[in-house]
Amino acid sequence: MEGIEDISWKRRATSATSSNSSVIEYVNEVFTESELELSKSVNVEITENTLSVENPLAGIQVDKKDVVVDKKADFSDNVLQDFPVRSGSFQEVIEKGFRKMYLAALVVLLFAICMGVTATYTATATEDMKKKHSNIHPSSDDVTWIGSLMAVGALIGGSAGGYFTNTLGRKGTLMFNTAPFVAGWLFIVYAPSTGWIFIGRIMSGFCVGIVSVATPMYLIEISTPEVRGLLGASFQLFVVIGILIVASLGSFLTWRYLAVSGAIICLTAAFLMLPMPESPRWLMAQKRRGEAKRAFIFLQGKAFNSEAECKKIEEEIKNQPTGRVQMREFLVPIIYKPFILSILLMFFQQFSGVNAILFYTVDIFKSAGSSLDPIRATIYVSIVQVIATAVGSVLMDRAGRKPLLMISGICMAMSLIVFGGFDLAKRSNASVSVKFGWLPLVCLMAFISAFSIGYGPTPWLMVAEMTPVRYRGFISAVATALNWTFVFIVTKSFKATEEIMHSYGVYWLYSTFCIISCLVTYFFLPETKGKKLEEIQPFFEPKTAKQDEILSKSF
């Protein structure tokens, strides 16, 4: 074969229709493999009846008259993916393919909205149950069970989510999950007593746990690397959009009709999910290569090199470590240190009191004696949470994880300290509520904003970033289970703790945890922004040879 410098590039052209298949056939037919390696930026332009291809190495515009076809060349499938498109209908084909990926992401994120609606349903619903029109009037203790039992169900669902997603697939799990989700809401809609509401909350909580596992997994696996961070961060954003929706609907719907709206949102999400493909990665793991290729084409367009992507996934699956994780492996610092930090991040996230405040927002505003309408104030807080979460998603890869956690912890602590001071002051001077009736709203807005930019999304992200691949599933599962356990503890104990310590005591207790979280973040947490796992692990390794020797003797 002649050297590259001896290759005489000839001008080539052919007539073709403006269809995607014609373009691919043309490029496969005209260019040899060696030429394709050299020419990675061939410009393709489609006119009415003629296709012109410009070779950048020759810089010559092709002409229909000069055509050279090498019939012996060995061509690969979907080779056109290497050629950026300049204009014409083929560009529309590519854009349409990417829009389908975003469409699938948008549809699956509706399940995140279902999660947000379920989590904070009690904020307005339990307040409505106290009104005369309701035939169910729960006691103060019943209210805490209605709020906290969702977390019990989520703990079970989150633990089972891994099994279901591996067995039924990501999409399959979400579709299967719809039936018990709707059933849980219907238990609440037709509840003749609080016992039925308890059952409904456990069932819907179970489904929330599954959604918290399956939805982020599906998002990551259908997305391309350049948008993976954006789509991954969108999960938390759509959860808080669900919180805003339920707060808004709760301002004019009774608690039963509010439950009906929750069931409708679930059914809508499932209906729109029907035409979406299953996760290609899961299909490849099940050795369903043909379906995986069709899923890639649906999501990314016909020009996407689905065969190459399938081969890449096959290699990744082949290289994954086998065998169960042994507990003795957790004696190694690069394993047990991120494991402990993962648990601490989840602990501080929940013991900031965020879910107690979100679950009982209306009650908090009423007990604070604010001059603002509690329902409206709840909506304002939800709006601020959506905006702050969107801002946090943007800042995540710019400001870094540690700075956001530090700012989040400090601002949450300050807002809770001020809120507690307001509550204490109004107990001794009733005029404080009149003069500073706006202060509770400002404090809660500041608290929710601070949480949303830091301790809301960051712990989930850092658990995955700090943990080696082999242990990531186990550690994530434990962290998720403990997170829901902490949610239950905080939401169930809120009212009882309030009776013992008063409201200001509870807020100051939560602020203490926020301050401690800042110290842990500053002294023990690594910065993971823009770093690979190999760059993060040295942070957890023993710093001296002596430490290495001590550790090796302990094994």
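How many salt bridges does a search of the whole structure find? The search returns 10 salt bridges, each defined as a side-chain nitrogen of Lys or Arg within 4 Å of a carboxyl oxygen of Asp or Glu. The structure is a predicted model, in which local features need pLDDT of at least 70 and side-chain atom pairs count only at pLDDT 80 or more, while totals for chains, interfaces and linings use all residues. Residues are numbered from 1 along each chain as its sequence is written, and side-chain values use heavy atoms, with hydrogens and water left out.

One of the pairs joins the side chains of Arg289 and Glu307, with an N to O distance of 2.6 Å. Arg289 is partly exposed, at 26% relative accessible area, whereas Glu307 is buried, at 18%, where buried means under 20% relative accessible area, exposed over 50% and partly exposed in between (1.4 Å probe, protein chains only).

Within helix α17 (residues 401-428), Asp423 and Arg427 lie 4 residues apart, about one turn of the helix, and their side chains meet in a salt bridge of 3.0 Å, N to O. Asp423 is buried, with a relative accessible area of 2%, whereas Arg427 is partly exposed at 44%. Salt bridges with shared partners also join Arg289, Lys293, Glu307 and Glu314 into one network.

A further salt bridge, at 4.0 Å from N to O, links Lys131 and Asp128; Lys131 is partly exposed at 46% relative accessible area, and Asp128 is buried at 9%.

Definitions and conventions: Helices (H or I, at least four residues) and strands (E, at least two) are DSSP runs, numbered from the N terminus.
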